[in-house]
Amino acid sequence: MIRHFVVKQKRGFMEKQLEAFCKDLDELSIKLNEDQKKQFMIYYELLVEWNSFMNLTAITKLDEVCKKHFVDSLSLIKANNEIISSLKKDMKKDSISMIDVGTGAGFPGIPLKIVFPEWEVTLLDSLGKRIKFLNEVIARLGLERISAFHGRAEDYGVKKEFRESFDLCTSRAVANLSTLSEYCIPFVKKQGLFIAYKSEKVTDELASANEAIGLLGGKLIKQIDYELPDSDIYRNLVLIQKEKDTSKKYPRKAGLPSKEPL
């Protein structure tokens, strides 16, 4: 009886948090079907389980994971007009190819894949243990057309099958914008987008990164600042469009972009 009560209480709590999560997504005009809701809850359970024996995130409470990881990842929808506009050159495309650099525990790549299953998603991270976790998530959620790769952005950015091969590159990695641009812009096709998630005010960072962005073939087209729904958590999306091919000089060898930003 006690176990049954505890299970019932846990189920009720998760249902309440899921309802709050869906309410937050209403503000982004995102509606989840029942399968997607289940996928997010399985994702959360796997995140907490694996986090008990490896470092994936300091955020483990369900309500905080939903808002600070899931909703934050899906806030990319605020740039939807620019994403659609960047793809108008190829009217035959029915999907977006995306790479998430420094994906960590899968943010924003996996939440975006759950909501937009037609997207072709590549996850890249430098820690092999995280890739094992991501592959477990992919398998348990039954996701298709998504792959996780172990390696550094500087090494993958020069590989023929990855370089200038994606419509969209995202990153929530903690690094200055000059460094992130050198990691990410080489992956993007011409007219495609690199979108950096930033948690702080980025005016000074943008000013110092403009030269690097230009050197890499990009152009800053928009900064979108907002607060996560029903919170005072400040966020930014920095949108950079690829205007010309990236010089073969970039990215530089592993370690240099972070030690000596352009």
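What share of the contacts in the chain with a separation of 6 or more comes from residues 24 or more positions apart? The share is 71%, where contact means heavy atoms within 4.5 Å. The structure is a predicted model, in which local features need pLDDT of at least 70, side-chain atom pairs count only at pLDDT 80 or more, and totals for chains, interfaces and linings use all residues. Residues are numbered from 1 along each chain as its sequence is written, and side-chain values use heavy atoms, with hydrogens and water left out.

The chain contains ten helices and seven strands. These elements are DSSP runs numbered from the N terminus, with helices (H or I) of at least four residues and strands (E) of at least two. For 262 residues, a compact globule would have a radius of gyration near 18 Å, and the 19 Å of the chain agrees. The radius is taken over C-alpha atoms, and the globule rule is 2.2 Å times the number of residues to the power 0.38. Along the principal axes, the C-alpha atoms fill a box of roughly 65 × 40 × 35 Å. The accessible surface is about 13,300 Å², and carbon and sulfur atoms hold 50% of it. Areas come from the Shrake-Rupley method with a 1.4 Å probe; for residues, only the protein chains shown count as cover. Buried residues make up 53% of the chain. Buried means under 20% relative accessible area, exposed over 50%, and partly exposed in between (1.4 Å probe, protein chains only).

The largest pocket has a volume of about 840 Å³. Of its 36 lining residues, Gly102, Gly104, Arg172, Ala173 and Val174 are the closest to its centre. On a 1 Å grid over the protein atoms alone, a pocket is an open set of points where a 1.4 Å probe fits, with protein on both sides within 12 Å along at least five of seven lines; lining residues have an atom within 4 Å of a point. Points are joined across faces, edges and corners, and the volume is the space filled by probe spheres set on them. The lining has 14 nonpolar, twelve polar and ten charged residues. Here Ala, Val, Leu, Ile, Met, Phe, Trp, Tyr, Cys and Pro count as nonpolar, Asp, Glu, Lys and Arg as charged, and the others, Gly among them, as polar.

Helix H3 (62-74) supplies three lining residues, the largest share. H3 is mostly covered, with ten of its 13 residues buried. Among them are Lys67, His69 and Asp72. Helix H8 (177-184) supplies at least two lining residues. Serine 178 is found in H8 and is buried, at 5% relative accessible area. Beyond four places in sequence, its contacts are Ser208, Ala209, Ala212, Pro261 and Leu262.

Most residues other than glycine have a negative phi, and most peptide bonds are trans. Phenylalanine 107 and proline 108 are joined by a cis bond, with omega about 5°. Proline 108 lies in the loop between strand E1 (97-101) and helix H5 (109-115). A cis bond also joins tyrosine 250 and proline 251, with omega about 0°. Serine 29 has a positive phi, near 60°. This serine 29 is exposed, at 66%, in the loop between helix H1 (2-26) and helix H2 (34-51). Glutamine 191, in strand E5, has a positive phi near 75° and is partly exposed, at 34%.
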